[in-house]
Each structure stands twice: as C-alpha cells, then as structure tokens.
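Visitor: Hi, I have a new structure open here and would like someone to walk me through it. Could you show it first?

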Amino acid sequence: MPTITLRLELHNPTKAKQEMYERMTEWNTEFANWLLHHPELNKATSKIFKDFSSQKFPSAIANQTIREVKSQKKKQKAKKFRTFWCCFNNQNIKVE
C-alpha cells in the first residue's frame, strides 16, 4: 500500500490548552527526574506513573518518556532534566 501524505493546517491552541500543556510538561519533567533514580527503570511501563502520581496522564506520553529517559541515562549519563517536554507521536492519531 502506498504512503499517503497529509498536510494539515494546525490552529493556534486556546489559552486552556496552553495551560494544560504547561501543566503536563511540569508533570512530565518531575516524572522523568523521578524515573532517573528509579531502581527498576529497565522494567518500567506506563503503569509505573501510578507509583509516581495520582494524576491522570496519557500512557502514550508516559511510555515515550520512559523510552527517552532510558536512552538519555544510558547514552548521555543524564543526572537531572530541567525541562522534559511531552513528546507526541502519531501512535494514537486518528483521522476522520
């Protein structure tokens, strides 16, 4: 099946969405720093976020954060993250 490329015009986010993204980035940064010192980082899955916080957090973002923290700890010997942005990929994308 051939690849289909879509060019979508993105709209500017509302103030509420901007605040939500800022909050999620703060949680993600705290989660990433907590993960750096977690003894079982290599076995971590999105369910580990429940050990960290009672907040609701998308599992796709938690899984991506876990993958990136593992990589940064192993290859770059990271000690602490100042800001760890939420990484969105097309893992859960749906076009209607």
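Visitor: What should I know before I start?

Guide: This is a predicted model, in which local features need pLDDT of at least 70 and side-chain atom pairs count only at pLDDT 80 or more, while totals for chains, interfaces and linings use all residues. Residues are numbered from 1 along each chain as its sequence is written, and side-chain values use heavy atoms, with hydrogens and water left out.

Visitor: OK, how many helices and strands does the protein chain have?

Guide: The protein chain has 3 helices and 0 strands, where helices (H or I, at least four residues) and strands (E, at least two) are DSSP runs numbered from the N terminus. Along the sequence this reads as α-α-α, and the C-alpha trace spans about 40 × 40 × 25 Å along its principal axes.

Visitor: And how much of the protein chain is buried?

Guide: Of its 96 residues, 29% count as buried; buried means under 20% relative accessible area, exposed means over 50%, and partly exposed lies in between, with a 1.4 Å probe and protein chains only.

Visitor: Which residues of the largest nonpolar core touch the most other members?

Guide: That core has 19 residues, and Phe31, Leu35, Phe57, Val69 and Phe81 touch the most other members. A nonpolar core is a set of buried Ala, Val, Leu, Ile, Met, Phe, Trp, Tyr and Cys residues joined through side-chain atoms within 4.5 Å. Helix 1 and helix 3 (59-75) each supply at least two residues of this core, and helix 1 gives the most, with 6 residues.

Visitor: Which cluster do ring pairs make?

Guide: Ring pairs link Trp27, Phe31, Trp34, Phe49, Phe52 and Phe57 into a cluster.

Visitor: Changing topic, which residues of helix 3 are buried?

Guide: They are Ala60, Ile61, Ala62, Gln64, Thr65, Ile66 and Val69, and what covers them includes helix 1. After helix 3 comes Lys77, whose phi is positive, near 55°.

Visitor: Last one: what does Asn33 touch?

Guide: Not counting residues up to four places away in sequence, Asn33 touches Lys80 and Phe81. Asn33 lies in helix 1 and counts as buried at 17% relative accessibility. A polar atom of the Asn33 side chain lies 2.6 Å from the backbone nitrogen of Phe81, and Phe81 is itself buried, with a relative accessible area of 8%.

Conventions
Rings of Phe, Tyr and Trp (its six-membered ring) pair if their centres lie within 6.5 Å; planes under 30 degrees apart count as stacked, over 60 as edge-to-face and the rest as tilted. Contact means heavy atoms within 4.5 Å. A polar contact is a pair of N or O atoms within 3.5 Å; within protein, one must be able to donate a hydrogen and the other to accept it, and residues adjacent in sequence count only if both atoms are side-chain atoms.
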